[in-house]
Amino acid sequence: MMGMTHIFIGTASAMAVSSPHTVSGCFAAMIGGAAGGFISDIDMKASHNRSEAVRAGLIAAGIAILLMTIDCYLHTGICNYILEENAPISLTGLCLFVGLCVFGAFQDHRGFTHSLLAMALFSLAVGIFYKPFLLPFATGFLSHLVLDLLNRKPIKLLFPLDTGLCLKLCYANRLADRCLLAAGIVITIFCLARFTLLL
């Protein structure tokens, strides 16, 4: 599936699963879901796919930067906790996350970064960085794996085993992909609207 689809299915699933009741929880769900939905595709190498992945990565980063900026301005607690209360441990999680990103970027596409092992390691790093990001990130990551299993190109879900798995039900950038993107956007908006009404 395409990057935008992964991001919005990630945010939709993270918002639905975490069902936040606070502003910081909502921000954590959106940031974690977007990041978890995208991060598997840091292993893209083909020029066309790479440029599409870069655009998706910039959107995921934009979501995180915007919400973290609002968090700092509103003092809802995420920035304060990461930068002041938990800084040394958060830095450890960040270093582990960056290290996994560098390692993953040099792997074959749909290899390590599309595995349950990668989901566990990346989620561990994110949990060390900021624990409330853990569930949304893992949910977004899992949604990426599930979507890519629907594709006709196998993923190494059980890495380091060399076996590739796929259900061969649809192609990326075709009708099913566009329908899933639309569903992800609609569900994300619905979850945000529901959260706003609960405030």
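Hi everyone, let's start with the charged pairs: the count comes to two salt bridges, where a salt bridge is a side-chain nitrogen of Lys or Arg within 4 Å of a carboxyl oxygen of Asp or Glu. Before I go on, this is a predicted model, with local features needing pLDDT of at least 70 and side-chain atom pairs counting only at pLDDT 80 or more, while totals for chains, interfaces and linings use all residues. Residues are numbered from 1 along each chain as its sequence is written, and side-chain values use heavy atoms, with hydrogens and water left out.

Arginine 110 sits in the loop between helix H5 (87–105) and helix H6 (116–129), and aspartate 148 is in helix H7 (residues 134–149), so the pair ties together parts that are 38 residues apart in sequence. Helices here are DSSP runs (H or I, at least four residues; strands are E, at least two), numbered from the N terminus.

Are those two partners buried or exposed? Arginine 110 counts as buried at 9% relative accessibility, and aspartate 148 counts as buried at 1%. Buried means under 20% relative accessible area, exposed over 50%, and partly exposed in between, with a 1.4 Å probe and protein chains only.

The other bridge brings together aspartate 162 and lysine 156, at 2.8 Å, N to O. Here aspartate 162 is exposed, with a relative accessible area of 61%, and lysine 156 is partly exposed at 23%.

Now some backbone geometry. As background, most residues other than glycine have a negative phi, and most peptide bonds are trans. Arginine 110 comes up again: its phi is near 65°, a positive value. Lysine 168 also has a positive phi, near 55°; this lysine 168 is in the loop between H7 and H8 and is exposed, at 52%. In that loop we also find proline 160, and the peptide bond to it from phenylalanine 159 is cis, with omega near 15°.

On to the core. A nonpolar core is a set of buried Ala, Val, Leu, Ile, Met, Phe, Trp, Tyr and Cys residues joined through side-chain atoms within 4.5 Å. Which of the 40 residues in the largest one touch the most other members? They are Ile7, Ile39, Phe97, Phe122, Phe133 and Phe141. The largest share of this core, eight residues, comes from H2.

Finally, the spaces, found on a 1 Å grid over the protein atoms alone: a cavity is a set of points where a 1.4 Å probe fits but cannot get out, a pocket is an open set with protein on both sides within 12 Å along at least five of seven lines, and lining residues have an atom within 4 Å of a point. Grid points are joined across faces, edges and corners, and a volume is the space filled by probe spheres set on the points.

The largest pocket has a volume of about 440 Å³. Of its 20 lining residues, the closest to the centre are Ile31, Ala35, Ala64, Phe97 and Phe129. H2, H3, H5 and H6 each supply at least two residues of that lining.

There is one cavity of 30 Å³ or more, and the largest cavity holds about 50 Å³ of space. Its lining is Met15, Ser19, Pro20, Cys191, Arg194, Phe195 and Leu198, with the largest share, four residues, from helix H8 (residues 175–198). Thanks, and happy to take questions!
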